[in-house]
Every structure is written in structure tokens, then in C-alpha cells.
Amino acid sequence: MRILLVQPNIDTCYEYASSLGLRNLFQLCRNSYDVEFYYASTDQYKYAIKNIIQKEYDIIGISGQFTNAIPYCISYAEKIKKHYPSTIIIGGGNHATMAPEDLLNNNFDYIVLGEGEVTFLELLNALKNKKDSAQVNGIAFLQNGQVVKTAPRELIENLDSLPVIHPDSFDDNRIYNFSGIKYLNIETSRGCQYNCSFCTTSNRRHSR
């Protein structure tokens, strides 16, 4: 299967480094699949759309992390389905987890809820082998117009089990030049000690 992972355009954000979660997915997928990574946040929207639809993929995964990126995610999906109706579109990230209906009602086929590394690979394997995707824990999809969520996915207890993210696998110079700052995100834990009701990473949902 040919897979494209997309970090979408955003309207305003102080943070331009690409999603560590999406990078994890890329590192994991490249061992078994033909996968590409496209960082669109530094590109103009029209240019990003052109890049996304320039060739056909079996699956396109789009990060729905920030709410201000969701309109772009929805627009991507509309254009993708117009050109390639059979392409499966999968969303994930904080906003997608909190409000999967926003994307599922707008041409997305599946949403990966919460931590995506294990779930995304299982979903890919199910789709590749034509197995029942409803048996994959931690996803949401539409069934008869209603959002269906499968059983929750257990949290990854050992973050060291995830692959090391190699910076040379990504074109970070574009990010540095765009933001005017050279920096690199690292991940030492997940979740948050606070309890904001609107957030997907509060300690009621994630704990370490």
C-alpha cells in the first residue's frame, strides 16, 4: 500500500515543528509500507493541495491536532475524494479525538483516537488484509450515519518501545528557515498534570 502522512496547514501557531506523533507513525510505517511524509505547514494552501493530489495513494493520514487546522483538513479530504474516491482518509490528533464527527462527516473514513502508534498500524494491517476494521481498538468511523467508537486502546506504558526519531529522515531545514528558529522537539512523557475539560491530554485521560 502507498501511504501519505500529512502535517496540515494552520492559520496561526507559534509552533512549527512537525508533530512527534506523526513522525512516530512515519518511522513505524516505513518498515512495512511505502510511506511518504509531507509537512505542509510552511507551504501556501494552494501549493499544499497540489502536492497532496499530484498522485494517488491507497491511504492518506492527516493530523487533526490543532483546531485551527481542521478547516484545512476538511478541504484536503474533499479534494482527495474528488480526485481519488477510493483513497482511504484517516485522521488523528487532539481535535480529531475530541470531536471525530467533525472529520467523519466530511469525507474522513476513520479517526484514530488518542495515541496512534499501535492503533494506526493495526488499522493499516486490517485494511491491507481486508479484515474487519471494527475489530481494531481505538478508532472511530461512521455506520449508518452515526459515529461508532471501538473499545478504547490501552496507553503505551513504555515509550522507549517506540522508534527513535531520526531528524535526518525529515526536511527540517524548511521549518528552521520558515520560523527563523532552529530547534528540535523531544518527547520524554505523555499526558498532562492538569484537568482542563476541553483537552484530550488531561490526567483524567492520560496518566504516567
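Helix α6 is followed by Lys130, whose phi is positive, near 55°. The model is a predicted one, in which local features require pLDDT of at least 70 and side-chain atom pairs count only at pLDDT 80 or more, while totals for chains, interfaces and linings use all residues. Residues are numbered from 1 along each chain as its sequence is written, and side-chain values use heavy atoms, with hydrogens and water left out. Helices (H or I, at least four residues) and strands (E, at least two) are DSSP runs numbered from the N terminus.

An open sheet is formed by 7 strands in the order β2-β1-β3-β4-β5-β6-β7, with mixed pairing; two strands pair if DSSP finds at least two bridges between them. At the edges lie β2 (34-39) and β7 (146-149), each of which pairs on one side only. From one strand to the next the twist averages 25°. Strand β1 (residues 2-7) pairs with strand β3 (residues 59-63) in the parallel sense over 4 bridges, and Leu5 has Gly61 in β3 as its bridge partner.

Helix α3 (residues 70-83) packs on the sheet, where it touches β1, β3 and β4 (88-92) (contact means heavy atoms within 4.5 Å), and its direction makes about 170° with that of β3. Such angles run from 0 to 180 degrees between N-to-C directions, the axes being lines fitted to C-alpha atoms, for helices over the stretch in contact. Helix α6 (residues 117-128) also packs on the sheet, touching β1, β3, β4, β5 (110-112) and β6 (139-143), with its direction at about 150° to that of β5.

The end C-alpha atoms of α3 are 20 Å apart, which agrees with the 20 Å that its 14 residues should span at 1.5 Å a residue; the expected span is 1.5 Å times one less than the number of residues. For α6, with 12 residues, the distance from the first C-alpha to the last is 17 Å, close to the expected 16 Å.

In α3 the buried residues (under 20% relative accessible area; exposed is over 50%, partly exposed in between; 1.4 Å probe, protein chains only) are Ile70, Tyr72, Cys73, Ser75, Tyr76, Ala77, Ile80 and Lys81. Their cover includes β1, α2, β3, β4, α4 (94-98) and α5 (100-104). The buried residues of α6 are Glu117, Thr119, Phe120, Leu123, Leu124, Ala126 and Leu127, and what covers them includes β1, α1 (20-29), β3, β4, β5 and β6.

The structure holds 4 aromatic pairs, defined for rings of Phe, Tyr and Trp (its six-membered ring) with centres within 6.5 Å; planes under 30 degrees apart count as stacked, over 60 as edge-to-face and the rest as tilted. The pair of Tyr45 and Tyr72 is tilted, because the ring centres are 5.6 Å apart and the planes are at 45°. Tyr45 lies in helix α2 (residues 45-52) and Tyr72 in α3, so this pair ties together parts that are 27 residues apart in sequence. Tyr45 is partly exposed, at 25% relative accessible area, whereas Tyr72 is buried at 19%. Ring pairs link Tyr45, Tyr72 and Tyr76 into a cluster.

Tyr110 and Phe141 form an edge-to-face pair, 6.2 Å centre to centre with 65° between the planes. Tyr110 belongs to β5 and Phe141 to β6, so the pair ties together parts that are 31 residues apart in sequence. Tyr110 counts as buried at 13% relative accessibility, as does Phe141 at 10%.
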